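User: I am new to this structure and would like to learn how its features are read. Could you take me through some of them in turn?

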Amino acid sequence: MAYNNNRFQITPQPGPQHLNHKISDLSDISPYDDDNGDPSSPARIRGRESLVSLQSSYGSPRLDDASDETTYGPGSSWSAPFVGSPGPRYQPVSPPSRAPSTFARFKSFRSRAQDTIHEDESIDMALLSAAASPGVDLTSFSGPMGAQDQEFAKALQEQEASGKLTGGLGEGMSPKATIKGDELIASSPILKRSFTRSFSMMKAPTAKSMPKSRAGLKELGQNEANRLGEVIEVIIEEPTDVDLSSMVGPTAVGLDPNRMRNSTFPAQASKTEVFYPQPNWKPFFMRWPYITSLITLSVGLAICQEVLYQRSAAEPLIKFQRATDISPGYYFIFKFVPTIITVTYGVLWQNTDLEVKRLEAFYQLSKEGGALAAESVNVNYITMFNFTRPFLALQRKHYAVATSSVATLLAVSLVPTLGAAVLVVGPDRKTRLLDPDIEKTITIQPVLSRLLTMTFFAISVLGCVLFYQLNTRRSGLLSDVKGIAGLASMAVVSHIMMDFKDMDVAKPKDIHHKLKNRRYALRNSSIVPEDSVLVSSREADKYKDVHLPANPHPLMLRAEGCIPFIIGILLFLGFIPVFLFTPASVLTDKAPWVITLLAVCIKLSWGSLETAIRMMEPYYILSKRHAPAKTLTLDYTAMPFAVVAVRALFNRHWTVFLVGLGTVMVEALTIFVTGLATVEGRDFLDILNKAEDSGADEDGDHFLQEGLGDGSETVLSFTVTLALTVLILTYLFVVATVVFARRRHPFLPRQPNTIASVLAFVHQSKMLYDFVGTAKFTNAQMRGRLESLGKTYGLGWFDGRDGQTHCGVDEEELTGSYKHGIDYSQGNKPWLTEWQLF
C-alpha cells in the first residue's frame, strides 16, 4: 500500500519473498481443455507439463521477469529458479518423513494462505526432493515447543545454545516505509517562502541544494519518523561526477582525446538512512508544569522568608505572656505550620528526584550513538546512599541526576532544619523561667534566616537547570516502563539477550566487566546493541571500579544496616525524655535544630529501608513460586510518596503497606519533634506533682490549659505532641524489627537494581515468547495480555530455551526453588557446596 498525506508518497518496504506449496487440481487428467474452459466440453487426457515451463492460470508472471535470491542445496533438481513476485508462488515442502507437529505455527503460512498455487500429489514429487533442503526458520514460531516433537525441540535448543534466538525473539526492526529524500525536502515547510522572505536576496533552499546539508536532511527525516511514529528509510541521492576517462573506445574524429578523457558528467549516487521515532514520554513529576511549580514555590518561599525577617526586625511577629493568650488556630500556625511547609516542600522534590533517578538510564540510551553499559543499563541510582549519589552522577556526566539529587538533599535535610531553628522565642529561657509572666516574643533569627533564603534561591536555580536538562533531551519512551515485564518487552526485539549468556548468578562485578565494552541504544521503544559506534580503549577503561554492591541483599535488610538503625530509633526514643525532663535540656535551648536534624537522619534512613522493600517485593513474591501474572508488571519503585501504602493495601502486600505507612509517619515525626525542642518538660512534671498533692482533679480543663514554664506551651499541646512522637518512634521500631526478622535472608543471586541485572534473570526464560511484539504496550495492556494467558510465574531454577539449567524468573513449572548459596545445576555434586549451607 502507499501512504499519502498530500505531502509525498511513502513506498512500503517489500516483505520477504517466500515459496508456498499447496495442493492444486492440476493433474494428468485436467479439467482445462482447448475449448477456453467450456464446461460442456469433455475432459481430455493431457500430458503432464514440466514445472519449469508451467504457467499458472492464477496470474503468476513469467519466470524470467525477475529473479529470487533464494538458494537451494546442491542436490536440487530445479532446472530454473522460481521468482519472487507479488503473485502466487511455491513453498518448499517439508520432508515426508516428519510427523505432523502441533508447533508448525509459521506466521508466513497464516499470512499468505490465500496467496498460493494449488497442486495435488499427482505431481512428480521427486522434482521437489531438493526443495526441502533449506533449513526451517525456527524464528518464525510464536512459542516454545511441546512434547510431541522432541527432535524439533532439540534443534530449537541447539540454535539457542549456539547464540541464535528463536520463537520471534531477536527479529530486529525493519523500516515500515521508504521516502525519497527529494520528496521529503520538497514537502518541508522550509521550502515555502513567506511574504517577507520573497523579497529577500538569500537563495531559497532547493531540492538540489538541501541534500548537501546532511544535518538538515537528518533533522527532516527524524521529524518525519517522530510524526509517523514508525521506522522509516530515507533514500538520499547525492550528485557525483563520473569520470569519462574510464570509458574505452575509439576517439571521434575532430575531438581532442585529452579533452575527452578529462570530461565528466553528473550522476546520482543513492544512499539510504534509517530513522527511528523518538517519543518523549515523561511522568507527571518530570513535566514542565510540575518543575515550573517547584521553581515558583522555591522563589516564593525565599521571598516570604525575607519579608518575615524584615517585618520581624521592625517588630516581633507575635507577643504574648502565656500560650493561652493565643487562639488555638493562631497557635497551630505558629507552632506547626512552618515545619509542615518545609517538610511538604521536601516531599515535593522527592517525587521528582525519584523519577529522575529511575529513568536516567533510558535518557542515556536514547542519545544519538547510545551509551556505554556502565552509563546506562548497568547504572544504579535507586538504592545508592543519598549523599554519594551526586558524586557518582557527576563522574558519569549524568548532570540531571546530580542536579536533582543536590536540590532534593537541600530540600529534605537543610530546609526543615533551618526552618525549625529560624523562629526564636524571646527572651532567653532562663529569663522566662524566672518570670513566667514576662512578655514573650517570637522573632526571626537573622543569620539563619538569610541562610534559609539563600537555600531556597539555590534550589530554585537548580530547578531551572533541571528544567533545561529535562526539556532538551528525549526519553525515548512511549509509556512508563514498570517491572520485569516492562524491561523484558523492550529487550526481545534485538539480540541483546545473548549478551547475558551464562550470567544467571553472576555478580555485579562480573556483569560490569563483561559489558564494559558494549554500547546500547533505545530505538523504537526497544533496547538494542549500538554496534555502529566503536568503544575506544579509553572509554572501556573509564569505569574500572564497579559501584554496585556485591552482596545480593540490600544493606538496610541486612544485620549490618538494619540493626544499627533499630538501635538508633531506640536511642532517639530514650533521648526524648532526657532532653525534656533533665538538665540536658540546655542543649535544645542553645541548639534546638539538633533535634530536628536527628529526626531528619531517621527519615533518610527509613527512606533507604523503604526503597529496599519497594525494589525487592516483586522478586520476594516470585520466590514464593506460582505468583500471578500481575507480579511481572508490579513496580513499587515507580510510585510516588504515600501512594505506595495505598496500593500495597489493595494488593494485600502487608510488609510494603506497613513500611509505606511508616514513611508517612516519619514525615510527621519531624514536625512533632521540632515542637518539643522548645519545651521545658520539667515544668510538666511540677504541674503533675502539684495536681497530685492538691488532689485537684475537678477542673480538668483548667489543668490542660495551664502553661508550662515559659508559657509557650500548654499541658494539652505538650501531652499530645509527646504522645504522638513516642507512638511514631515505637511504630518505626516495631516495623523495622519485623521487616528484619522476615526479610533478612537473601533470596536472589544479586540485587535487581539495574536493567542489566534484571535482563540477566530472564535472558533464557521461555516466558519471553509471550513478550514478542509488546515493545509499545502500556503497563495496563501488558498486564491484560499476561493475565489472559493464565500462567503463573516464579523465581528459581528452570530449563531454559537452550535446554540447560538456568536461574531466574520464568513461567511455572520451574525445576526448583532458589536457595542462596546452592547451585541447583550442580545438584548432583554436593562436594562443591559449602557444608554450612546444608
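This is a predicted model: local features need pLDDT of at least 70, side-chain atom pairs count only at pLDDT 80 or more; totals for chains, interfaces and linings use all residues.

User: In which sense do E11 and strand E14 pair, and over how many bridges?

Analyst: The general idea comes first. Strands of a sheet pair through backbone hydrogen bonds, in either a parallel or an antiparallel manner. Here, E11 and E14 (residues 519-523) are joined by two bridges in the antiparallel sense. They belong to an open sheet of three strands, ordered E11-E14-E15, with antiparallel pairing. Strand E11 (371-372) and E15 are at the edges with a single partner strand each, so one side of each has no neighbour in the sheet.

User: Which helix packs on the sheet, and at what angle to E14?

Analyst: Helix H8 does so, touching E11, E14 and E15, and its direction makes about 95 degrees with that of E14. Asp353 has its place in helix H8. With a relative accessible area of 5%, Asp353 is below the 20% cut-off and therefore counts as buried. Leaving aside residues up to four places away in sequence, Asp353 touches Arg389, Ser404, Ser405 and Thr408.

User: How is a pair of aromatic rings read, and what is the arrangement of Tyr345 and Phe456?

Analyst: Such a pair is described by the distance of the centres and the angle of the planes. The structure holds ten aromatic pairs. For Tyr345 and Phe456 the ring centres are 5.4 Å apart and the planes stand at 80 degrees, so this pair is edge-to-face. The pair links distant parts of the chain, since Tyr345 is in helix H8 and Phe456 in helix H12 (residues 446-471), 111 residues apart. Tyr345 is buried at a relative accessible area of 1%, and Phe456 is buried at 4%. Elsewhere, ring pairs link Phe284, Phe285 and Tyr290 into a cluster.

User: Which residue lies over the face of Tyr620, and which over that of Phe761?

Analyst: Arg743 lies over the face of Tyr620, 3.7 Å from the ring centre. Arg750 lies over the face of Phe761, at 4.1 Å from the ring centre.

User: How do H18 and helix H23 pack against each other?

Analyst: An α-helix has 3.6 residues a turn, so residues three or four places apart point the same way. In this structure, H18 and H23 (residues 715-743) pack at about 35 degrees, and their axes are 12 Å apart. The crossing of H18 and H23 is left-handed. On H18 the contact is made by Ile602, Trp606, Leu609, Ile613, Glu617 and Tyr620. On H23 it involves Leu729, Leu732, Val735, Ala736, Val739, Arg742 and Arg743.

User: Is helix H24 enclosed by the rest of the structure or open, and what do its buried residues pack against?

Analyst: All eight residues of H24 (residues 755-762) are buried, so the helix is largely enclosed by the rest of the structure. Among them are Ile755, Leu759 and Phe761. The buried residues of H24 pack against helices H8, H13, H14 and H18, and against strands E15 and E17.

User: What is the setting for the whole chain?

Analyst: The chain has 25 helices and 18 strands. Buried residues make up 46% of its 838 residues. Of the contacts between residues at least 6 apart in sequence, 75% join residues at least 24 apart.

Terms used. Residues are numbered from 1 along each chain as its sequence is written. Side-chain values use heavy atoms; hydrogens and water are left out. Buried means under 20% relative accessible area, exposed over 50%, partly exposed in between (1.4 Å probe, protein chains only). Helices (H or I, at least four residues) and strands (E, at least two) are DSSP runs, numbered from the N terminus. Contact means heavy atoms within 4.5 Å. Two strands pair if DSSP finds at least two bridges between them. Axes are lines fitted to C-alpha atoms, for helices over the stretch in contact, and angles run from 0 to 180 degrees between N-to-C directions. Rings of Phe, Tyr and Trp (its six-membered ring) pair if their centres lie within 6.5 Å; planes under 30 degrees apart count as stacked, over 60 as edge-to-face and the rest as tilted. A charge sits over a ring if NZ of Lys or CZ of Arg is within 6 Å of the ring centre and within 35 degrees of the ring normal. A crossing is left-handed if the near helix is turned anticlockwise from the far one by less than a right angle, and right-handed if clockwise.
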